[in-house]
Amino acid sequence: MSKKPYMIVTIASLLILAVGCASPANTPTAAPASPTNTPQQAAPSATPLSPTATTAPPTATTAPSTATTAPSTATTAPPTATTAPPTATAAPPTATAAPTAQPTWQADGAIAPDEYAHQAQAAGLTFYWTSDDTYLYAGMSAATEGWIAVGFDPEQRMQGANYVFGYVQDDQVFIEDMYGIRPAGAGSHPPDVELGGSNDIVAYAGSQQDGVTVIEFQIPLDSGDAYDKPLTPGSHTLIAAVGSSDDFVSIHASRGATTIEID
Ligand code: HEM
């Protein structure tokens, strides 16, 4: 009978011990639960958000970067403007090249190679010419120490032609802008100024060397003078004549006609 209380105490002690052990066992179970929840919920959820949020700024960054591109485009413009001056600087050579293509013409009494775009022959006279929008630049050359002349667009024999008639005497050039008022004969082509017109020879020069006379002259393609013939682009009749004296009246030693084209 004395052993019962002891057993009761022992059982009670075991129960107490059992309860004591169960409580600490629950604590570690709860502890891992907490860290497990933290990464699983907050982190993944926050991570996607965070990149999404991070993506947004880049989008916003892209806009500024576009805006940055615009200024850079604007920055590109000045160089283009900077490029213009060199082009403008390049223009002068082009402008310099233009006269090379069109009249390197000089009123110096010498027919230089390539000075004229065209040439034609009649009555033993060679007629050289080139033109721009406003003027005819011409030269005539013949083996004579007398006068040489050309006439543009006669209507009846010598009548109606616009003449440029000249000769060289003692290194001096005598030249006249004339108009044909009769079909032939002396006095058939008086100077325009005597008819009430104007002398429209803009520039001229001449030479006489080794029996060859050369006269160069510049006239308007369309002077507006009633005693000149407008030299429109296309075909025109050219009459030519060569004299043997230094004057404006003695009859030609040779005369002829041909057709020329004005550009
Ligand atoms: C300088 C004074 C001139 C005189 C006195 C003169 C006189 C004459 C005479 C008399 C004729 C007709 C006889 C012939 O057919 O030979 C004639 C015709 C002719 N003359 Fe003149 N002439 C003069 C200037 C010129 C000039 C400057 C040119 C041309 C640039 C010219 C071109 C012609 C031509 C092409 C004929 C032939 C016309 C035809 O029959 O269709 N003459 N000239």
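This is a predicted model: local features need pLDDT of at least 70, side-chain atom pairs count only at pLDDT 80 or more; totals for chains, interfaces and linings use all residues.

Reader: How many bridges join S4 to S9?

Author: Five, and the two strands run antiparallel. To follow the pairing at residue level, take Ala149, whose bridge partner in S9 is Ala241.

Reader: Which residues come nearest to the ligand?

Author: Ala149 and Ala241 again, together with Arg157, Ala184 and Arg255, out of 18 residues around the ligand. Next, look at which strands contribute. Strand S4 (148-152), strand S5 (162-169), strand S9 (234-242) and strand S10 (254-262) each supply at least two residues of the shell.

Reader: How do the residues of the shell divide into nonpolar, polar and charged?

Author: There are 13 nonpolar residues, three polar ones and two charged ones in the shell around the ligand.

Reader: Is strand S3 largely enclosed or open?

Author: Burial is read from the count of C-beta neighbours: a residue with 20 or more others within 10 Å is buried. Seven of the eight residues of strand S3 (residues 135-142) are buried, so the strand is largely enclosed by the rest of the structure.

Reader: Which strands pair with S3?

Author: Strand S2 (residues 125-131) pairs with S3 in the antiparallel sense over seven bridges, and a hairpin of three residues connects S2 to S3. Across this pairing, Phe127 stands opposite Met140 in S3. Strand S8 (residues 212-220) also runs antiparallel to S3, joined by eight bridges. There, Ala138 has Phe217 in S8 as its bridge partner.

Reader: Which residues of the largest nonpolar core touch the most other members?

Author: Leu125, Phe127 and Ala240 do, in a core of 41 residues. The strands S2, S3, S4, S5, S6, S8 and S9 each supply at least two residues of this core. Ala240 shows what a contact list looks like once neighbours within four places in sequence are left aside: Ala122, Ala123, Leu125, Phe127, Val150, Arg255 and Gly256.

Reader: Why does Gly243 count as buried?

Author: Gly243 lies in the loop between S9 and S10. It counts as buried because it has 24 C-beta neighbours inside 10 Å. Leaving aside neighbours within four places in sequence, its contacts are Thr144, Gly146, Trp147, Ser250, His252 and Ala253.

Reader: What share of the chain's contacts with a separation of 6 or more comes from residues 24 or more positions apart?

Author: The share is 54%. As for the chain as a whole, it has one helix and 10 strands, in the pattern α-β-β-β-β-β-β-β-β-β-β along the sequence. Buried residues make up 24% of its 263 residues.

Methods: Residues are numbered from 1 along each chain as its sequence is written. A residue is near a molecule or strand if its C-beta atom, placed from the backbone, lies within 6 Å of it. Helices (H or I, at least four residues) and strands (E, at least two) are DSSP runs, numbered from the N terminus. Ala, Val, Leu, Ile, Met, Phe, Trp, Tyr, Cys and Pro count as nonpolar, Asp, Glu, Lys and Arg as charged, and the others, Gly among them, as polar. Two strands pair if DSSP finds at least two bridges between them. A residue is buried if 20 or more other C-beta atoms lie within 10 Å of its own, exposed if 12 or fewer, and partly exposed in between; C-beta atoms are placed from the backbone. Two residues are in contact if their C-beta atoms, placed from the backbone, lie within 7 Å. A nonpolar core is a set of buried Ala, Val, Leu, Ile, Met, Phe, Trp, Tyr and Cys residues joined through C-beta atoms within 7 Å.
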